[in-house]
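Okay, everyone, thanks for coming. Let me put the model up and then walk you through it.

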Amino acid sequence: MQTSFTEAQLRDPDTAESNRILRTCVHCGFCTATCPTFVLLGDELDSPRGRIYLIKDMLENDRPATPEVVKHVDRCLSCLSCMTTCPSGVNYMHLVDHARRHIEETYDRPVHEKALRKVLSLVLPYPGRFRLALLGAMAGRPLARFIPGASVLAGRLRAMLKLAPASLPPPSAVERPGTHRAVGPRRGRVALLTGCAQQVLAPSINEATIRLLTRMGLDVIVHQDQGCCGALDHHMGHHDPAMRLARANIEAWHEEIRGKGLDAVVINASGCGTTVKDYGFMFRAEAPEVAARAAAVSALAMDVTEVLTKFGYAPAREKPGLTVAYHAACSLQHGQRITTLPKDLLKRAGFAVKEPAEGHLCCGSAGTYNLMQPEIAGQLRDRKLANLDRTRADLIAAGNIGCLTQLAGGAMPTVHTVELLDWMAGGPEPAAVAAARAAKRAAA
Ligand code: SF4
Ligand code: SF4
């Protein structure tokens, strides 16, 4: 694709990168077929290629974002399905990240929209605040069906209340800062990102991760200064808050790297993993020592399934006689290109594994997308659940808390992959397995 940025524009590192990305696109349109919003809406402007043209026009002309650009970029899930389809290697992720930042800097959103984004930014990354907000949403959940109207605001309020869980587990002690010692001879030392929303919604995921890793001979560090990875703000175009959160993690893990050393930074929410693996890029234009620290953290970042494979996961129980429908989170399969490891581990653990049709399509979770675009997210959820149901499996496993929340409440119980692996390695039975077994007995 030809571009015509001026030399002055290209002195900005983000514009220079977007220029490079735009020039790799050859307009072939292969990406349209695998883009969830194009599949649903059938509008070229809701396809990757259409969005690329809109972004190019906006950036090249140094123009404030228009309502049309905002509408179509906001509808993008950042699922990155287009990136794994593209034969030319177009880095759509960095392009749309730049566009979202430009939109936030130049577009005056309606007041209710700005307020919602601000609230999400102030609440979701902080477990204490998120817990309080969820308790409020749980109390208001029965009222969701009484919220009248077809307005955007009414739809979002209904979506928020519906997504609130029926109950909330208490905070887990394992997430407190400290070191969880290796069981037996020590084989390595890793830091764990305990996350933000995940530790409130499902602390059992971090508990299972720590049990598994320590059992495999790894010291697991939960650093007191690590927190939200910044992805939620980053995907809303909130540059400064995202960088502040990311910087805190980089400094925390740098302290560990410089001290006793780290073999990995382990992430068990794939949406966060994609972002931590991108810290090196996000900080590339900072002071050289900061950029180097960010790059070092990104180089150490590993999804938990990569760590389990590297250190040799081995089950300790008999085969459970259960079939798992594996839902590939977009951030894992498209963002990090991890496709076979989770399935191989589940098979090694003794599960029969099935994959749904249209496995490349997003479930509609996508960070805050299911709150901001509830209609499209709802359609994608229904489509995903229908495909998962057709596998006739006993339960659904996925490696991302956003997907698990989005797919909860369907015909099959949902569980994080790592909880199944921990159970088969000697950990406690996950609640989803108990539910799946009860359903099996009832159907027999
Ligand atoms: S990131 Fe996903 S929704 Fe956005 S353009 Fe690419 S395929 Fe479409
Ligand atoms: S598949 Fe790649 S090269 Fe082709 S239109 Fe899409 S982004 Fe451009």
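So, a definition before we start: I call a residue near a molecule if its C-beta atom, placed from the backbone, lies within 6 Å of it. With that, 14 residues sit around ligand 2, and Cys 25, Cys 28, Cys 31, Cys 86 and Val 90 come nearest. Helix H4 (48–60) and helix H6 (81–85) each give two or more residues to that shell; helices are DSSP runs of H or I, at least four residues, numbered from the N terminus. By class, the shell around ligand 2 has 9 nonpolar, 4 polar and 1 charged, where Ala, Val, Leu, Ile, Met, Phe, Trp, Tyr, Cys and Pro count as nonpolar, Asp, Glu, Lys and Arg as charged, and the others, Gly among them, as polar.

A quick word on the source: this is a predicted model, local features need pLDDT of at least 70, side-chain atom pairs count only at pLDDT 80 or more, and totals for chains, interfaces and linings use all residues. Residues are numbered from 1 along each chain as its sequence is written, with chains lettered from A and ligands numbered from 1 in the order in which they are written.

Now ligand 1: 13 residues surround it, the closest being Cys 35, Pro 48, Cys 76, Cys 79 and Cys 82. Helix H3 (36–41), H4 and H6 give two or more residues there. That shell splits into 9 nonpolar, 3 polar and 1 charged.

Last bit, domains. The assignment, automatic or from a database, gives domain 1 (7–106), domain 2 (111–163), domain 3 (173–308) and domain 4 (313–443).
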